[in-house]
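Here is a short walk through one protein model. Keep the sequence and the coordinates in view as you read.

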Amino acid sequence: MTDTEKPAETTVPEEKKENVPEDKGNAGAKKEPEKETEKKNHRKELVITVGVAVVLILATLGAYFLLTPQIAIKGDIVGVYYTGTLDNGTVFDSNINSTEPLVFTLGNSTIIPGFEDAVSGMALNSEKTVTLPPEKAYGTYDPGLVQIVNRTGPLENVTFVAGQAYIIHDRVT
């Protein structure tokens with residue numbers, strides 16, 4: 001190889017090197033907007049996919065809550081209208097004509113156990129008729145709990161009405 005050949009070889013690759021970056025630069029400039037457009041389209045597709053998934057989840061949850069009856073379970077606060085009757089049909093307690101239901105928390109033992117058991121498992125707006133044994137209601141009859149009150153003094157001339165509640169204070173004790 002001679003000295004004159006070396007510069008010629010050096011010049012040809014330099015020209016190729018110069019042309020190559022220019023071509024890459026032009027091609028890269030054209031591809032950048034295409035990449036941005038592809039990214040935007042991908043984002044749109046992702047947003048649409050996520051949106052559809054959210055709508056499907058909400059529709060499923062809505063159908064579940066609308067189509068599944070709500071059942072009263074322990075810990076729920078419930079409100080009920082009721083009528084309590086004796087075996088002979090005599091009504092001893094009721095809130096049917098009241099504007100407010102009896103409200104209580106299932107499982108707190110604030111009402112008689114049989115009534116709580118009867119309400120547990122009921123669906124919203126359902127009705128049920130139950131007969132409670134004395135042990136699950138107010139207890140068996142205990143003659144030792146009966147008290148005879150002498151009708152003297154202020155009670156002497158009072159006419160008591162069956163089923164009416166009365167409060168009597170003993171001022172002596």
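The paragraphs below go from the overall layout to the core and then to the pockets.

This is a predicted model, in which local features need pLDDT of at least 70, side-chain atom pairs count only at pLDDT 80 or more, and totals for chains, interfaces and linings use all residues. Residues are numbered from 1 along each chain as its sequence is written, and side-chain values use heavy atoms, with hydrogens and water left out.

Start with the layout. The protein has two helices and four strands. Read from the N terminus, the order is α-β-β-β-β-α. Helices (H or I, at least four residues) and strands (E, at least two) are DSSP runs, numbered from the N terminus.

Now the overall numbers. Of the 173 residues, 10% are buried, where buried means under 20% relative accessible area with a 1.4 Å probe, counting protein chains only. Among contacts (heavy atoms within 4.5 Å) with a separation of 6 or more, 37% join residues 24 or more positions apart.

In soluble globular proteins, nonpolar side chains tend to be buried together. The largest nonpolar core here has nine residues: Ala72, Val78, Val80, Tyr82, Phe104, Leu106, Ile111, Phe115 and Val119. Strand S1 (77–80) and helix H2 (113–119) are the elements that give two or more residues to this core. A nonpolar core is a set of buried Ala, Val, Leu, Ile, Met, Phe, Trp, Tyr and Cys residues joined through side-chain atoms within 4.5 Å. Look at Val119. Leaving out residues up to four places away in sequence, Val119 touches Ala72, Val78, Val80, Phe104 and Leu106.

Turn to the pockets. A pocket is an open set of points on a 1 Å grid over the protein atoms alone, where a 1.4 Å probe fits, with protein on both sides within 12 Å along at least five of seven lines; lining residues have an atom within 4 Å of a point. The largest pocket has a volume of about 1400 Å³. It is lined by 41 residues, and Tyr82, Thr83, Phe115, Lys128 and Val130 are the closest to its centre. S1, strand S2 (83–85), strand S3 (91–94) and H2 each give two or more residues to this lining. S1 gives the most, with four residues.

The second largest pocket has a volume of about 320 Å³. Its lining includes Val149, Pro154, Ile168 and Arg171.

Definitions and conventions:
Buried < 20%, exposed > 50% of the residue type's maximum accessible area, 1.4 Å probe, protein only. Points joined across faces, edges and corners; volume = space filled by probe spheres on them.
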